[in-house]
Amino acid sequence: MEALSVQKVNKVYDKTVQALQDITFEIREGELFGLVGPDGAGKSTLFNILTTLLLPDSGEIRILGMDLINDYKLVRQEIGYLPGTFSLYPDLSVKENLDFFAVMYKSNIEENMDLIRPIWRQIEPFSKRKAGKLSGGMKQKLALCCALIHRPRILFLDEPTTGVDPVSRKEFWEILQTIKTQGITVLVSTPYMDEATLCDRIALIQNGKILGIDTPQSIIQHFKGTLYTFRSADIFSLLKALEDCPLQCNYYPYGEYCHIAFYEDMETAMPQFLQFLEEQGQEHGEIKPIQPSIEDCFIEIVKMHRHE
Amino acid sequence: MRTILILIKKEFLQVFRNPLLLSILIVAPMVQFMIFPFCADYEIKVLDIVFIDHDGSSVTQDIIHSFDASDIFVPHGIIHNKKEANRMLKHDKVDIIVEFPNHFEQDLMNGNATRIAITANAINTTKAGIGVGYTQEIIGGYMQEFKEKNMVYTSAEETPANVNLSYIYWYNEQMNYKNLIVPGILVILVTLIGCYVTALNLVREKEIGTIEQVNVTPIRRWQFLIGKMIPFWILGMAEFILGIGIMKLVFGITVQGSIPLLLGITAIYLLVMLGLGFFISSVSENQLQAMFIVLFLFIIFVLLSGLFTPTEGMPKWAHHINYLNPMSFYMEVIKKIVLKGSTFISVQKETIILSVMAVLVNTGAILSYQETSK
């Protein structure tokens, strides 16, 4: 059975801003599903709808077999939500916050302690501290405890790692994997492409539209171009020069490198490309073929959708 | 039940951890009580007076001397120049000018009509009214004496037109203004706690996002609102009792009527104000907006309630608006029970109206509170 089924959901803000457009996807029970997209893609809007805080303009959503819009009261008991911004009571202590949300869900801390214990252990030493005085990572762990305290069947995490340091991010994803092993379905959104590979399946979202849904491996396998990477002394002038490149290609800066995906037969294309660079007077490092990352795939998919 | 209890517990924890709010709750009533009744005092202590004497007779001298006997009047001498007197009035040196015409004594002895002109600075209307009243009183008193002494028997019709003997009691010696203003402050206090603090509290939850976190829980909106209301209702009642205590200890004003009745009606009034506070917070997005709406309503409520200006003097349309003003009904109740010692029968109407308002406002608050936005 699908834990979550979203069919043709639309949302327009102020009659003009199309925040979500025909969003359709399904999440299987026990899946760790990632919603990957840049800021402003519509991730938070979708989360607000799925957590019963916002009504969609049209579309049908079923959560664990319940109709989200009509049975929202029942749905609320079964879902946990970690919003994008810290929203616990800063003037209540760690323990008081947890207590409060446990009771709000008609549960208690002891009942589901085994579920949150690995996370709780890390914040327990600060249980008397005010939540507002915790460090960013600790706040996030407390919020996660509060969202899990009633043992939800689906957990929604809206950009849980945005603004979190790399070590804590890694730790947080490990926690998500353990939550998954407890049989809880997880929907997590992130603007970081590298995190996408840690999900079972991901949906790429841009401008309120889902551009593709698949496992990260499959998305990478379906990369259509042949990807190369190389360094350049002056990346700006290189990108400018590439505008005149006669070959079918897609190029973009990638850190201090330039990534270029060719949609040509490389046997003939590569000599042409090298010649082109020489004519343009572009100095460059070694041009190496590489495996595409999720980010490369995302860029390719966005590009293709733009051409359509 | 457990849900509501933890909401109440949470609210009290937050109130007691907020040093600013706590000090506002305790210090604000003290300060209001200690300062306001002493400032908002309509009692006139000093009236500066100057005389223009065109007659210079013994009668005018006698009248002028009779002002010396008064504690209130401070005479600024006798001058003969009207321009000079007007200048003094203009520069706030004097509040009142008394001008005696030529041949005043002669006319008086002959029983002819004569007039004394009293000019008052009416920027402060209360002061002018009281000043003119006092002046008339003193001159009138002298005239009475004068007539008896000089056996000038005049019939009522012949009484000189402007030496009028009517005694106008602009200021009632028996009426202590503090008795009115202090219970009024009590009303303001309860209103502030009920409406202001509640509205700001709920809208703050909106600002920091905790309300969303609460909204995704299965809790019902009425549970949430009740959990919010009870703590502030208790705080409001505590504040009211504190106010009654200060009223008794500092001003010696004891509640003349039944205290349980007073508390009962206050409880209902607080419900109206709490509901209004919630309603305001659900239509505003941040504390600033909420504050402006509360302030806007609060000023209208206070000005129409009859605390500063008597409602009797208001035009009819203002009376109609006042039917929507819960504060005016509550003010009426407070005046009746605290000062007059009225029983339930005489505040029955107000109690019923406040109860209806409480039901309506709170229904509106629950309906306007959005768990899910569109």
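The C-alpha centres of domain 1 and domain 2 of chain B lie 50 Å apart. Domain 1 covers residues 2–40 + 176–368 and domain 2 covers 47–158, with bounds taken from an automatic or database domain assignment. The model is predicted: local features need pLDDT of at least 70 and side-chain atom pairs count only at pLDDT 80 or more, while totals for chains, interfaces and linings use all residues. Residues are numbered from 1 along each chain as its sequence is written, and chains are lettered from A and ligands numbered from 1 in the order in which they are written.

Chain B contains 14 helices and four strands; these are DSSP runs numbered from the N terminus, helices being H or I of at least four residues and strands E of at least two. Of its 374 residues, 35% are buried, that is, have 20 or more other C-beta atoms, placed from the backbone, within 10 Å of their own. Among contacts between residues at least 6 apart in the sequence of chain B, 80% join residues at least 24 apart; a contact requires C-beta atoms, placed from the backbone, within 7 Å.

The four strands of chain B form an open, mixed sheet in the order S2-S1-S3-S4, where pairing requires at least two DSSP bridges between two strands. Strand S2 (73–79) and strand S4 (117–120) of chain B each have a single partner strand, so one side of each is left without a neighbour in the sheet. From one strand to the next, the twist averages 20°. Strand S1 (residues 47–53) of chain B pairs with S2(B) in the parallel sense over five bridges, and B:Asp48 has B:Val74 as its bridge partner in S2(B).

Two helices of chain B accompany this sheet. Helix H4 (residues 82–90) lies across S1, S2, strand S3 (96–100) and S4 of chain B, at about 170° to S1(B); angles run from 0 to 180 degrees between N-to-C directions, with axes fitted to C-alpha atoms, for helices over the stretch in contact. Helix H6 (residues 125–150) of chain B touches S1, S3 and S4 of chain B, and its direction makes about 155° with that of S4(B).

Between the chains, 23 residues of chain A are in contact with 22 residues of chain B. Helix H2 (72–78) and helix H3 (94–104) of chain A each supply at least two residues of the side of chain A that touches chain B.

Elsewhere in chain A, strand S12 (residues 249–254) and strand S13 (residues 257–262) run antiparallel, joined by six bridges. A:Tyr251 stands opposite A:Ile260 in S13(A). S12(A) and S13(A) form a hairpin with two residues between them, and A:Gly255 in the turn has a positive phi of about 65°.

Notes
Buried ≥ 20, exposed ≤ 12 C-beta atoms within 10 Å, placed from the backbone.
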